[in-house]
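Let's take a walk through this structure together.

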Amino acid sequence: MLTLSACATGVDSGGGDAGGGGSDCVAEGANAPRAGGDKYIVYMNALNIGNAWQEEAANLGSAVAKMAPYSDCVEVRTELTDDATPQGQISQLQSMVAAGADAVVMYALSPTALNSAIREACSQGVTFVSYDATVTEPCAYNVSYITTVPTGAEEPFMGFNSMTLLAELMGGTGDIFFSRGIVGTSTDNVHYLSAMAALQNYPDMNVLTEYEGMWSSPVTQTETAAALGSFPNVDGLWCGYGESGCVKALEAAGLQVPISGETSQYFRERLLDGWPGVSIGSPPAQGGIGMKVALAVLLEGPDGIPFDIEVPYQIVTAENVTVCVDNEYQEGCNVFEPGTVGDESTADIFNEMLPEATLGASQTGEPEAGAEAVPFTASYLQGFEQDESVRFVTREACPEGWTQATLPQNVEGCSQG
Amino acid sequence: MERRGFVARVLRNGTVRAALVLAVFLIAWSVLQLGGLSVFLINSWLLLSLPLVLAASGVTLVIFTGEFDLSAAGVVAVTNVLMATWLSELGWLGLPLAVLVGAVVGLFNGFLVVVMRLPAIAVTLATFIILGGLALVILPTPGGRIDPGIIDFFTGQLVVPRSIIFLMVIALLWLLYRNTRMGVHAYGVGQDAEALRLSGVAVDRVKFGVFALAGTLYGLAGAVLAAVVQTGDATIGSSYLLATFAAVAIGGAAFTGGSGSVLGTMLGALTLTVIPKVLFVLGISGWVQRVFEGMLIIAAVLVGAVATQSEQRKVQAVKTTPKVEAPTVSVSGGERP
């Protein structure tokens, strides 16, 4: 357990280097920076796959670590994974550890393939946080929305809620397209299975065709346009990330049918125009939240900090879509001012766990002048601890006293007794 | 002039070129790495390289014959997920069975290319797509379990890290293979299949055997990959589709067939996996890495081509100069077997 009061409390954090002994928030001895400098080295990782979400998540993580009170305690290094394969990411993680990383905040490509490299990192005293995508290695912290019950909903899982809301928009009847993400990833599988479970509740609905949108707007648009060529009378679309491609394909075909999509600015602007739809998906704020969890563990010590943290996220429809005035965070706002940001940007950079987020920080990775972060405490994070019943989804194991069971959302989870 | 001729002769050898490139990167890595290179770092690098070394070696064998094989990534995906699922309960038996699956795919490719006379690119591309889909059916999401004995066999230590031993074994097997009848004939098929056929060599049988051997190596690559990452993942093989050919290019083999060395390809594969390490310590990430890899491939091919043309011009000049005895120089455009 460290005694890092300056950083941990955010009080009097401007101490800086204390005459060769390092910053007053940096420990000595066993908990000193691994590379031997006067700051902890923290790596912020995202995938470099031409995806706005990844860029925003990485930028938010970097920006938060550069804010006071953290900036005196840590040096953040942003590393993008260009070789978007588990092997490439293993190699990169090993390089980070060898370079003296004290913490790594990573978008893990595989829930299992990185485990041995993560284990090795943990054994060398490195704090590992996986955001959005989760890993099964027990020493890693998972910070993800994947099992969260969205704000205002009663059931967990994005897929389940989005399909239910789409069905309600369609009056419980009609034919839909299903645009998946990257088939073979655990995230896509949870979305898919839970969405299909929701569909079971609407026997008058039918999936006309499924295709792989690859979580890419252009791919989704191309595939949707092709599907429309075969099924021009579709009644609704369920679209994963890249849903702006679904909207654009429908617009090109002169159709306006209900869409369930993720969080892009383009889609939410259409909701502002009155397009029937539901916008719900992975918030890029998770990058910044993951960084704050890593810094809490690093600077405050791990005591009391849950390993499984659920990130809250919201459901946006034509009824509650609300502009963020001046593109700044206001409670309940969920779309930037129309025409001020790119189609793939998302106001879900804002999150109740990340009040430090700004549009500028998400675009540049730099905080606003004088911006201060609000560090997490263990008790605050305990309020976001994952429910045991969904633990199997992210850890492929159940807590003690729980056994594996299929949840009503058709996803493997845990039950007691 | 003498020195230029020597340099051109050295650079004309793809394996030497690949060794030089790898040496440069290794020196840069060892100098720039914080705290120097540890045994752990070197072993980790070699282990992660081993599946690519195996898969790219298989691709090289096919390329020697003048054919193409795009199925490596598909076989790696299928054998990887098989190792994590159906074969995981069989213990050690899982390993040869995974390799056998690769061999069967190779035979299937060989049958369609050699017997049915279908174009190799189309056939092996189709095989890649089919196997990629099959892998997803077998294991829809990453996971499964790899036999601990197999993990330890590939990742453990035996005086020196086993990764080093495996690389040496592959190199040794290559040196033996290239002097076998099949090895020599495989080169010949790539250089002039018709001439070889007229001299009585069963060209089709050679090609068939090479496809099967390549499939075997892909199967082994998938099994090794499963042991290294200790999990199954149906999408994990896709990166080998292009990386295997990049390794071949850096290794100096001629894509037209009949020239090159598996040793060069092995060095090319090691170079591809060390580049990210070097760029990391240089603080370079992102798209620059891919740009760098692409430029390296072009440079490797370009240097080889320039060195070869320089040698050819020299031979031409000697031939057209009267009363001078022509030297016995191979002008086949690349490395001799």
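A disulfide here is a pair of cysteine sulfur atoms within 2.5 Å. Keep in mind as you look around that this is a predicted model. By that rule, the count over all chains comes to 5 disulfides.

**Sulfur pairs in chain A**

Start with Cys239(A) and Cys246(A), which are joined by a disulfide with an S to S distance of 2.1 Å.

Now look at Cys324(A) and Cys333(A), another disulfide, with sulfur atoms 2.0 Å apart. For Cys324(A) and Cys333(A) the torsion about the S-S bond is about 90°, so this disulfide is right-handed. Cys324(A) and Cys333(A) are both buried.

Next comes the disulfide between Cys398(A) and Cys414(A), at 2.1 Å from S to S. Its torsion is about -95°, so the bridge of Cys398(A) and Cys414(A) is left-handed. This pair links distant parts of the chain, 16 residues apart: Cys398(A) sits in the loop between α13 (391-395) and β13 (402-406) of chain A, and Cys414(A) belongs to strand β14 (residues 412-416) of chain A. How covered up are the two ends? Cys398(A) has 24% relative accessibility, so it counts as partly exposed. Cys414(A) has 3%, so it counts as buried.

Here are these bridges side by side:

| Pair | S to S distance | S-S torsion |
|---|---|---|
| Cys324(A) and Cys333(A) | 2.0 Å | about 90° |
| Cys398(A) and Cys414(A) | 2.1 Å | about -95° |

Why can we call α5(A) largely enclosed by the rest of the structure? Because 9 of its 12 residues are buried. Among the buried residues of α5(A) are Met158(A), Phe160(A), Met163(A) and Leu166(A).

What do the buried residues of α5(A) pack against? Their neighbors in chain A include the strands β6 (174-180), β7 (205-212) and β8 (236-239), along with helix α6 (186-199). After α5(A) comes Gly171(A), which has a positive phi, near 70°.

**Over to chain B**

Chain B has a nonpolar patch on the surface, formed by Val169(B), Leu172(B), Leu173(B), Leu175(B) and Leu176(B), with about 450 Å² of accessible area together. Take one of them, Leu175(B): you'll find it in helix α8 (residues 162-177) of chain B. With 34% relative accessibility, Leu175(B) counts as partly exposed.

Our last stop is Gly106(B), in helix α5 (residues 94-115) of chain B. Buried or exposed? Gly106(B) has 2% relative accessibility, so it counts as buried. Leaving out residues up to four places away in sequence, Gly106(B) touches Phe211(B), Ala212(B) and Gly215(B).

Methods:
Residues are numbered from 1 along each chain as its sequence is written. Chains are lettered from A and ligands numbered from 1 in the order in which they are written. This is a predicted model: local features need pLDDT of at least 70, side-chain atom pairs count only at pLDDT 80 or more; totals for chains, interfaces and linings use all residues. Side-chain values use heavy atoms; hydrogens and water are left out. Buried means under 20% relative accessible area, exposed over 50%, partly exposed in between (1.4 Å probe, protein chains only). Helices (H or I, at least four residues) and strands (E, at least two) are DSSP runs, numbered from the N terminus. Contact means heavy atoms within 4.5 Å. Patches are made of residues with over 30% relative accessible area and no salt bridge: like charges are joined within 9 Å, nonpolar side chains (Val, Leu, Ile, Met, Phe, Trp, Tyr) within 5 Å. Accessible areas come from the Shrake-Rupley method with a 1.4 Å probe; for residues, only the protein chains shown count as cover. A salt bridge is a side-chain nitrogen of Lys or Arg within 4 Å of a carboxyl oxygen of Asp or Glu.
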